[in-house]
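I opened this notebook to keep track of what I looked up in the structure, entry by entry.

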Amino acid sequence: MRVLLVEDDRRIATEVVRALEAAGYVVETVRDGEEAWFRGDTEDYAAIVLDLGLPGMDGLAVLKRWRQNGRSTPVLILTARGSWAERVDGIDAGADDYLPKPFRMEELLARLRSIVRRSAGHAAPVVSVGDVTLDERQMKVFVRGIPVTLSPLEYRLAAYLLLHRGRVVSQQELSESIYGQDDAHDSNAIEVLIGRVRKKLGPGLIETRRGFGYLVPEPAG
Ligand code: CA
């Protein structure tokens, strides 16, 4: 899953990137408001972590412009501790949640998971489709209750499709969400990955829609 991190403090950015990547996210980092606004306006991210104090355009202005343009990407803002005004302004501007600095990485990850789930319309951290169960907290996929060994790429692909079940996901969207925009892969790489995941999770889980992409059907009932 692809996340945009907007943070001008290099030390914080490095720590957040490390934690997010360890949690299986693909992270793109930008340090100023103008660039942040442009990326968030033109790219699709699963979520955006947005610092408010930024050079160029401040985070609040960036967020307002995204929302005015109809961009609904879930946004977690990083605020100064104790600044209730920042929190209120942030929520008013369209933030989905906020986290006061300094924060623990565990809390950042929990809040991020929660806004991504809410935006996908699923409230539970565990998703089941047929025999297959995704547990985002453990970053594991189970088949009939038995954990399956997946590589990080296989896990990202399976998790993305399971979280977006009921919708056809294009090869490009899938590629960007698991490899990141700066590291584009050809469609063969995705097909090979799909084949490996099918072998591990069962052939019926992921359907191919020729020319459109891939679909994990919403379970009936
Ligand atoms: Ca800052």
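I note here that the model is a predicted one.

**Entry: the two domains**

I took the domain assignment of the chain, which gives domain 1 (2-119) and domain 2 (126-215). I then looked up the separation of their centres, taken over C-alpha atoms, and it is 25 Å. For the interface I wrote down that eleven residues of domain 1 are in contact with eleven residues of domain 2.

**Entry: the second largest pocket**

I returned to the second largest pocket and recorded about 180 Å³ of space in it. Its lining is made up of 13 residues, and those nearest its centre are A23, Y25, E136, M139 and Y155. The elements that give two or more residues to this lining are helix 5 and helix 6, and helix 6 gives the most, with four residues. By residue class I listed eight nonpolar, one polar and four charged for the lining of the second largest pocket.

M139 has a positive phi of about 55 degrees although it is not a glycine, and it sits in the loop between strand 7 (132-135) and strand 8 (140-143). With a relative accessible area of 30%, M139 is partly exposed.

**Entry: the largest pocket**

I next turned to the largest pocket, which holds about 540 Å³ of space. It is lined by 24 residues, and I noted Y45, Y160, H164, R167 and E173 as the closest to its centre. Helix 5 (105-120), helix 6 (152-163) and helix 7 (171-179) are the elements that give two or more residues to this lining, and the largest share, four residues, comes from helix 7. The residues of the lining divide into eight nonpolar, nine polar and seven charged. Why do I place the largest pocket between the domains? Domain 1 (2-119) and domain 2 (126-215) both give residues to its lining, so the largest pocket lies between them.

**Entry: the calcium ion**

I looked up the protein donors of the calcium ion and found D8 (OD), D51 (OD) and G53 (O), lying 2.2 to 2.4 Å from it. Their spacing in sequence reads D-x42-D-x1-G.

**Entry: L50**

I then examined L50, which lies in strand 3 (residues 47-51) and counts as buried at 0% relative accessibility. Leaving aside its neighbours within four places in sequence, I listed its contacts as V6, G59, L63, W66, V75, L76, I77 and L78. L50 and L4 are 46 residues apart in sequence, yet their C-alpha atoms are 8.2 Å apart in space.

**Entry: two backbone details**

Which residues does a cis peptide bond join? I found it between K101 and P102, with omega about -10 degrees, and P102 lies in the loop between strand 5 (97-101) and helix 5.

I also checked R144, whose phi is near 45 degrees, a positive value in a residue other than glycine. R144 is found in the loop between strand 8 and strand 9 (146-148), and at 61% relative accessibility it counts as exposed.

How values were computed. Residues numbered from 1 in each chain as written. Predicted model: local features only at pLDDT ≥ 70, side-chain atom pairs only at ≥ 80, totals over all residues. Heavy atoms only, no water. 1 Å grid on protein atoms, 1.4 Å probe; cavity = no way out; pocket = protein on both sides within 12 Å on 5 of 7 lines; lining within 4 Å. Points joined across faces, edges and corners; volume = space filled by probe spheres on them. Nonpolar A, V, L, I, M, F, W, Y, C, P; charged D, E, K, R; others polar. Domains from an automatic or database assignment. Donors = N, O, S within 2.8 Å, 3.2 Å for Na, K, Ca; no water. Contact = heavy atoms within 4.5 Å. Buried < 20%, exposed > 50% of the residue type's maximum accessible area, 1.4 Å probe, protein only.
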